[in-house]
Amino acid sequence: MIAAAHSMYNGSSAPVSAIPELPLDRFLETIMDATGHGWRVIAYFGLPRGVATPLYCLLAEDAEGRLAAMRTVCEGDCLPSLTPACPQLHLFEREIAEQCGLAIEGHPWFKPVRFHRSWVPGRDAWQRPADDPLTVGVMEFFQVAGDEVHEVAVGPVHAGIIEPGHFRFQCHGEEVFHLEISLGFQHRGIERRLIGGPDLKTLRQMEVVAGDTTIGHALAHCMLMETLGQVKVPPRAQVLRGIALELERLANHTGDIGAIAGDTGYLPTASFCGRIRGDILNMTAVLCGSRFGRGVVTPGGTVFDLDAARCDDLLKRLQAVRRDLTDAVELMRSTPSVMARLEGTGTVSREVALELGLVGPAARASGLKRDVRVDHPFGIYRMTHLPLATGFHGDVCARAAVRWQEAEKSLDFVEEQLQQIPTGGHRTDSCPLAANQLAVALTEGWRGEVCHVVLTDDQGRFVRYKIVDPSFHNWQGLAMALRGQQISDFPLCNKSFNLSYCGSDL
Amino acid sequence: MIRAILSRIRQGHRTMPYPNEPLAMPERLRGYPRLTLASGNEMSGDCPYGAYDPAAGGSLDLGRCLFCADCPVAAVSFTTDFQLAVSRRDELIVRPDAGRYHAERLSAQLLKLFGRSLKFREVSAGGCNACEADTNVLSTIGWDLGRFGIQFVASPRHADGLWVTGPVTHNMRQALLDTYAAIPAPKIVVACGACAIGGGPFRGEPEQSDGIDGLLPVDLYIPGCPPHPATILEGLLRLIGRIS
């Protein structure tokens with residue numbers, strides 16, 4: 001029963017002592033039970049400690065906006081896998097194995113995630129010797145055998161200007177039987193260096209967890225700092241943060257709609273959207289000087305304010321963006337050859353999306369009604385409700401349509417908020433962090449749910465800081481979308497998800 | 001088809017006139033810094049990335065600077081001057097009383113080869129996708145990098161140079177070196193962004209290499225976190241001698 005866990009809500013903290021410590025079997029049963037009753041896992045991680053490994057699991061229930069936290073201690077060097085019955089845990093369990101050196105017993109896909117050494121010296125989930133160089137991407141890939149079956153390997157260095165990752169396709173002619181995605185190339189050791197924090201570098205590092213989600217991640221981090229420091233964020237700052245977050249969504253959705261058009265060979269929409277995306281980034285630069293929102297949010301509020309002249313300037317720019325973007329998207333939607341290419345390509349069924357625990361537009365395109373802004377509202381979204389955009393078919397077309405609907409909602413939101421920014425300050429001073437707490441914060445980045453969890457020690461320093469980028473949930477969704485498709489569908493499917501490598505690799 | 005033509009007429013020709021006309025920058029852009037002479041008495045914080053050195057009147061290393069919105073160093077303020085790219089690492093050090101450096105044009109021999117057609121292979125080695133995105137944006141119609149004969153290509157075999165973003169994670173180090181080796185000589189190297197120059201926000205952390213300095217010979221340093229596309233373009237245009 002989920003009643004065994006401690007009930008929380010988004011942006012809140014609780015004393016670690018209030019988080020029930022369950023026996024391991026009861027802890028695992030509770031995860032199974034809860035996920036069977038509509039809860040989903042938002043974070044599952046260990047404290048790499050040596051012999052006994054404390055494990056924490058945080059779950060979310062979207063209909064009522066509830067979060068729950070519980071913990072256990074795993075004695076020994078082995079943890080039973082729940083993945084066969086609860087696939088949404090597959091990457092979380094592999095991550096625990098890699099970080100804590102715990103072997104996950106019965107995991108069907110037991111491989112490293114980021115190819116680094118365990119945080120516990122001398123303890124390795126795969127029993128690799130200490131002098132093993134742990135070469136990234138070198139592992140046993142799933143293979144399909146048989147006549148005329150062949151393998152296509154792509155990456156880490158790709159053809160375009162994108163981040164590195166390795167993709168292994170098992171193909172029969174043009175048809176893809178299976179795609180395996182192996183990452184870790186971008187691993188910068190972010191979670192590990194946060195232990196003992198925060199320090200003066202922390203906020204900037206949060207902004208670059210995934211640089212295209214600067215606001216999404218920095219905001220989740222600030223929400224943790226604010227609940228731990230009991231800082232009240234002024235309403236004006238909440239609105240400015242909301243504007244920045246929606247501009248980030250708008251820019252990325254616009255860019256991806258253009259990229260999807262480009263991959264079908266439809267250049268008018270690709271060209272227009274590429275330029276319009278830049279216009280939106282320039283709006284963020286009006287706010288803070290950076291096209292990627294660097295230096296917008298800070299614990300306690302925002303660094304910059306918006307005066308009336310800048311608001312007018314932004315409203316004028318927004319009008320032009322709305323006109324041009326609507327024109328560019330309508331052009332694509334009224335071109336049958338483009339729509340025919342998108343429809344039925346890269347389908348992820350509702351059942352698969354649910355099992356894998358997909359988040360963000362990818363989940364919504366498959367019919368799952370989940371959006372942190374609606375289900376676990378934070379900041380300005382507690383006051384202003386955004387309509388939820390969902391699709392039905394789960395194909396590239398649905399993901400593109402959801403992106404466009406969300407972009408329209410973001411346009412409306414930013415326009416409305418720019419005209420009613422509350423008066424008052426935009427920044428309050430931060431306070432020392434509370435000791436021995438667990439805090440959780442969720443935001444809805446443009447790719448989906450961004451989750452930050454922190455545990456503090458008796459000095460208020462970070463004992464453990466867990467980051468879950470939406471891509472961490474969604475990479476397997478991309479792999480499933482390719483099943484039974486043509487290998488030439490990959491770029492199109494990939495653009496419709498547009499997942500973060502560095503956000504996953506951390 | 002007629003709809004596409006009508007849209008094109010409506011949206012108009014949008015390639016910017018730069019470098020023939022100046023570019024308007026956002027008022028809050030943090031570009032080339034203005035340093036006041038450090039007297040040693042003012043209340044000032046330290047730069048957490050070690051970019052500011054108060055010794056000898058004070059200096060700011062643009063290779064380490066992240067152009068933070070709330071820079072703690074009292075002697076540092078930023079102008080909206082986006083021209084930041086230079087050719088040598090030590091030219092990134094800004095001093096209040098010293099001269100200003102810009103990227104230099106390629107040698108006559110390289111200019112003959114690359115001046116009208118320069119192809120890059122980009123490698124992200126731990127980049128956060130911001131430098132990557134604002135490099136990519138140069139190929140959109142607004143910037144239209146192709147009109148200068150510069151292009152990003154799919155294969156290192158087709159490239160004249162390597163374009164690096166990111167602090168060079170250990171897991172990308174070999175792939176980066178392999179890509180460099182696959183580019184036929186003569187070749188040039190561009191370090192784009194604070195990470196590629198010196199590790200950026202990750203400088204000194206164990207899972208990365210503090211950028212490519214010391215790993216590869218660098219011909220163009222483009223500071224910023226991330227650099228504005230105008231900063232990148234300006235550096236490239238100086239490199240190929242289109243502006244000076």
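## Worked exercises on sheets, helices and backbone

Leu455(A), in strand 15 of chain A, is the bridge partner of Leu438(A). Helices (H or I, at least four residues) and strands (E, at least two) are DSSP runs, numbered from the N terminus, and two strands count as paired if DSSP finds at least two bridges between them. This is a predicted model, in which local features need pLDDT of at least 70, side-chain atom pairs count only at pLDDT 80 or more, and totals for chains, interfaces and linings use all residues. Residues are numbered from 1 along each chain as its sequence is written, chains are lettered from A and ligands numbered from 1 in the order in which they are written, and side-chain values use heavy atoms, with hydrogens and water left out.

### Exercise A: a sheet in chain A

Find how many bridges pair strand 14 with strand 15 of chain A, and in which sense. Then place the two strands in their sheet.

Solution. 
- Strand 14 covers residues 437-445 and strand 15 covers residues 448-456; 8 bridges pair them in the antiparallel sense.
- The sheet is open, with 4 strands in the order 2-14-15-16 and antiparallel pairing.
- Strand 2 (12-15) and strand 16 (462-468) of chain A each have a single partner strand, so they stand at the edges with one side lacking a neighbour in the sheet.
- From one strand to the next, the twist averages 15°.
- Helix 14 (residues 470-481) of chain A packs on this sheet and touches strands 15 and 16; its direction makes about 135° with that of strand 15. Here contact means heavy atoms within 4.5 Å. Axes are lines fitted to C-alpha atoms, for helices over the stretch in contact, and angles run from 0 to 180 degrees between N-to-C directions.

Which orientation does helix 6 of chain A have relative to helix 7 of chain A?

Solution. 
- Take helix 6 (residues 235-263) and helix 7 (residues 267-288) of chain A: their axes come within 8 Å and cross at roughly 165°. That makes helix 6 of chain A roughly antiparallel to helix 7 of chain A. For the cut-offs, angles under 35 degrees count as roughly parallel, over 145 as roughly antiparallel, 65 to 115 as roughly perpendicular and the rest as oblique.
- The crossing of helices 6 and 7 of chain A is left-handed, a term used if the near helix is turned anticlockwise from the far one by less than a right angle, with right-handed used if clockwise.
- The contact includes Leu247(A), Leu250(A) and Gly258(A) of helix 6, and Cys273(A), Ile280(A) and Arg277(A) of helix 7. By class, its residues divide into 13 nonpolar, 6 polar and 1 charged. Ala, Val, Leu, Ile, Met, Phe, Trp, Tyr, Cys and Pro count as nonpolar, Asp, Glu, Lys and Arg as charged, and the others, Gly among them, as polar.
- Next take helix 2 (residues 90-100) and helix 14 of chain A: the axes come within 9 Å and cross at roughly 120°, and the helices are therefore oblique to each other. His90(A), Leu91(A), Phe92(A) and Glu95(A) of helix 2 make the contact with Phe472(A), His473(A) and Gln476(A) of helix 14. These comprise 3 nonpolar, 3 polar and 1 charged residues.
- Finish with helix 13 (residues 396-418) and helix 15 (residues 490-497) of chain A, whose axes lie 9 Å apart at an angle of about 30°. Helices 13 and 15 of chain A are therefore roughly parallel to each other, and their crossing is left-handed. Val396(A), Arg399(A) and Arg403(A) of helix 13 meet residues of helix 15 including Leu492(A) and Phe497(A). The contact holds 4 nonpolar, 1 polar and 3 charged residues.

### Exercise C: backbone details

Which peptide bond has an omega of about 10°? Look also for a cis bond with omega near -10° and a positive phi.

Solution. 
- In chain B, the bond joining Tyr18(B) and Pro19(B) is cis, with omega about 10°. Pro19(B) sits in the loop between helix 1 (2-11) and strand 1 (33-35) of chain B.
- From Cys225(B) to Pro226(B) the bond is also cis, with omega near -10°. The loop between strand 10 (220-222) and helix 6 (229-239) of chain B holds Pro226(B).
- In chain A, Gln127(A) has a positive phi, near 60°, and lies in the loop between strand 8 (103-105) and strand 9 (149-154).
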